[in-house]
Amino acid sequence: GEARFVASDAVTAHLQTILPDCDLIVGTEEELHIAGGSTDTMTALRAVRAAATAALIVVKRGPLGCSAFPGPIPRTIEEGISGPGFPVEVFNVLGAGDAFMSGFLRGWLRELPLAECCRLANACGAVAVSRHGCAPAIPSWIELTDLLVHGSVTRRLREDAALEQVHWA
């Protein structure tokens with residue numbers, strides 16, 4: 001009840017002091033709700049943008065992919081720069097966020113278009129959640145490239161023999 005809101009307000013207030021120093025802000029909708037102090041995603045994004053005027057904001061949306069906002073926050077989340085989700089069977093969520101960030105940063109640090117950064121991030125996250133394990137489930141660049149070029153014969157990537165061969169090779 002009441003104490004929870006006070007704690008959330010304190011966390012939001014603290015995060016609002018950090019956001020102006022950020023170049024890149026990445027979070028789930030829930031995490032951005034906390035940073036922006038609202039359970040309405042677009043309201044929260046506008047509050048984050050007000051605090052971090054120059055930051056790239058990326059919203060992780062699970063199977064829906066992600067949406068990136070390099071400038072003003074539009075009316076709907078779908079109006080952001082997006083990368084598609086990948087249709088995989090979720091087997092284990094451990095490491096999904098780390099995998100997502102590895103793919104996103106691979107593109108962002110190489111100054112690739114944001115839609116491509118999102119595609120790489122979503123693909124890495126999808127591979128990680130489709131496998132058992134955490135860091136070992138994250139794809140190598142060779143493996144990720146193979147998946148993006150050839151796709152997979154199954155939504156259970158851990159059961160794709162060709163992909164697993166590349167992964168363990």
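This is a predicted model: local features need pLDDT of at least 70, side-chain atom pairs count only at pLDDT 80 or more; totals for chains, interfaces and linings use all residues.
**Exercise 1. Classify the packing of α2 against α3 by angle, and name the residues in contact.**

Solution. 
1. Two packed helices are described by the angle between their axes and the distance between the axes.
2. Helix α2 covers residues 29-36 and helix α3 covers residues 41-51. Their axes come within 8 Å and cross at roughly 55°.
3. Angles from 65 to 115 degrees count as roughly perpendicular and those under 35 degrees as roughly parallel. The pair α2 and α3 is therefore oblique.
4. The crossing of α2 over α3 is left-handed.
5. On the α2 side the contact residues are Glu29, Leu32, His33, Ala35 and Gly36. On the α3 side they are Thr41, Ala44, Leu45, Ala47 and Val48.
6. Sorted by class, the residues of this contact between α2 and α3 are six nonpolar, three polar and one charged.

**Exercise 2. Describe the largest nonpolar core and the place of Val48 in it.**

Solution. 
1. In soluble globular proteins, nonpolar side chains tend to be buried together.
2. The largest nonpolar core has 15 residues. Those that touch the most other members are Leu19, Ile25, Leu32, Leu45, Val48, Ile57 and Phe69.
3. Two or more residues of this core come from each of α2, α3 and β2 (56-60). Helix α3 contributes the most, with four residues.
4. Leaving aside residues up to four places away in sequence, Val48 touches Leu19, Ile25, Leu32, Ala35, Gly36 and Ile57.
5. Another core, of 10 residues, lies apart from the largest one; its members include Val58, Phe104, Cys117 and Cys118.

**Exercise 3. Work out how α4 and α5 are oriented to each other, and which classes of residue make their contact.**

Solution. 
1. The angle between α4 and α5 is about 150°, and their axes are 7 Å apart.
2. Angles over 145 degrees count as roughly antiparallel. Helices α4 and α5 are therefore roughly antiparallel to each other.
3. The crossing of α4 and α5 is right-handed.
4. From α4, the contact includes Ala96, Phe100, Phe104 and Trp108. From α5, it includes Leu114, Cys117, Ala121 and Val129.
5. The contact of α4 with α5 has 13 nonpolar and five polar residues, and no charged ones.

**Exercise 4. Is Ala126 buried or exposed, and which residues does Ala126 touch?**

Solution. 
1. Ala126 is part of helix α5.
2. Its relative accessibility is 8%. Buried means under 20%, so Ala126 counts as buried.
3. Beyond residues up to four places away in sequence, Ala126 touches Phe86, Val88 and Leu157.
4. Ser140 is 14 residues from Ala126 along the chain, and their C-alpha atoms are separated by 13 Å.

**Exercise 5. Locate Pro87 and Gly62, and decide from their accessible areas whether each is buried or exposed.**

Solution. 
1. Pro87 sits in the loop between β4 (81-83) and α4 (96-108). Gly62 sits in the loop between β2 and β3 (66-69).
2. The cut-off for exposed is over 50%. Pro87 has a relative accessible area of 55% and is therefore exposed.
3. Gly62 has a relative accessible area of 55%, so Gly62 is exposed.
4. Gly62 and Ala96 are 34 residues apart in sequence, and their C-alpha atoms are 9.3 Å apart.

Technical notes. Residues are numbered from 1 along each chain as its sequence is written. Side-chain values use heavy atoms; hydrogens and water are left out. Axes are lines fitted to C-alpha atoms, for helices over the stretch in contact, and angles run from 0 to 180 degrees between N-to-C directions. A crossing is left-handed if the near helix is turned anticlockwise from the far one by less than a right angle, and right-handed if clockwise. Contact means heavy atoms within 4.5 Å. Ala, Val, Leu, Ile, Met, Phe, Trp, Tyr, Cys and Pro count as nonpolar, Asp, Glu, Lys and Arg as charged, and the others, Gly among them, as polar. A nonpolar core is a set of buried Ala, Val, Leu, Ile, Met, Phe, Trp, Tyr and Cys residues joined through side-chain atoms within 4.5 Å. Buried means under 20% relative accessible area, exposed over 50%, partly exposed in between (1.4 Å probe, protein chains only).
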